[in-house]
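I opened my notebook for another fold today, and you are welcome to read along. Here is what I looked up, entry by entry.

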Amino acid sequence: DYIVKPFEPRELLARARAAVRRHKPDARTVAGENLALDVMKVNIGARLVTGPSGEEITLTFAEFELLVLLLGNANATLPRTTILQSVFGRSAGLYDRSVDVLMSRLRRKFGDAGEGPLFKTVRNGGYQLTARVETAQAEP
């Protein structure tokens, strides 16, 4: 979030509370939970993503948040407005393409490894994670 000077302390406090409220973890994103897909393993607590051959895949904060959101809602179509609110904490503007850019970056980083595309675009609907998500064993 961004506030221009001068600002009211009450506004700062309200925005801080709203940001904390927006980023409460859901039931699937327990710290330290390990999730596995066909092409990657995700450690949510450590914010670590590894590819099929064990190499670390570097993600930005927004890319990781989007991935965790999609993992928590696997095989469900998430509208762009929901993604925008969950990842960026704001509503969509008229020509806002930030979600589309974020998805294209995720697709580029993960590629089309596996049996089919990992992410699916639902026309006039949003985006969907099509891979099966499983809880993985923690590695010592």
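**Elements.** I counted 4 helices and 6 strands in the protein; helices (H or I, at least four residues) and strands (E, at least two) are DSSP runs, numbered from the N terminus. Reading from the N terminus, I noted the order α-β-β-β-α-α-α-β-β-β.

**Ground rules.** I am working with a predicted model, where local features need pLDDT of at least 70 and side-chain atom pairs count only at pLDDT 80 or more, while totals for chains, interfaces and linings use all residues. Residues are numbered from 1 along each chain as its sequence is written, and side-chain values use heavy atoms, with hydrogens and water left out.

**Confidence.** I checked pLDDT, the predictor's confidence in each residue, from 0 to 100. The protein averages 79, and 84% of the residues score at least 70. Which elements have the lowest and the highest mean pLDDT? Strand β6 (residues 134-135) has the lowest, at 76, and helix α2 (residues 61-72) the highest, at 88. I put a pencil mark beside residues 27-31, where pLDDT stays under 50 and the model has 10 contacts beyond four places in sequence; contact means heavy atoms within 4.5 Å.

**The open sheet.** Next I traced an open sheet of 4 strands, ordered β3-β2-β1-β6 with antiparallel pairing. β3 (48-50) and β6 stand at the edges with a single partner strand each, so one side of each has no neighbour in the sheet. I took two strands as paired if DSSP finds at least two bridges between them. Strand β1 (residues 34-36) and strand β2 (residues 41-43) run antiparallel and are joined by 3 bridges; A36 has K41 in β2 as its bridge partner.

I also stopped at N34, which sits in strand β1. N34 counts as buried because its relative accessibility is 13%. How far apart are N34 and T135 in sequence and in space? They are 101 residues apart in sequence and 5.9 Å apart in space, C-alpha to C-alpha.

**Helix α2.** I tested the length of α2: its 12 residues should span 16 Å at 1.5 Å a residue, and the end C-alpha atoms are 17 Å apart, which agrees. The expected span is 1.5 Å times one less than the number of residues. Is α2 enclosed or open? 9 of its 12 residues are buried, so α2 is largely enclosed by the rest of the structure; among them are F64, V68 and L69.

α2 lies across β1, β2 and β3 and runs at about 105° to β2. Axes are lines fitted to C-alpha atoms, for helices over the stretch in contact, and angles run from 0 to 180 degrees between N-to-C directions.

**α2 against α4.** The axes of α2 and helix α4 (residues 98-110) come within 10 Å and cross at roughly 85°. The two helices are therefore roughly perpendicular, the label for 65 to 115 degrees (under 35 is roughly parallel, over 145 roughly antiparallel, the rest oblique). From α2, residues including L66 and L70 take part, meeting a set in α4 that includes L102, L106 and F110.

**The hairpin.** My last entry is β4 and β5, a hairpin with 3 residues between its strands. Strand β4 (residues 119-122) and strand β5 (residues 126-129) run antiparallel, joined by 4 bridges, and V122 has G126 in β5 as its bridge partner. In the turn, I noted that N124 has a positive phi of about 60°.

Technical notes:
Buried means under 20% relative accessible area, exposed over 50%, partly exposed in between (1.4 Å probe, protein chains only).
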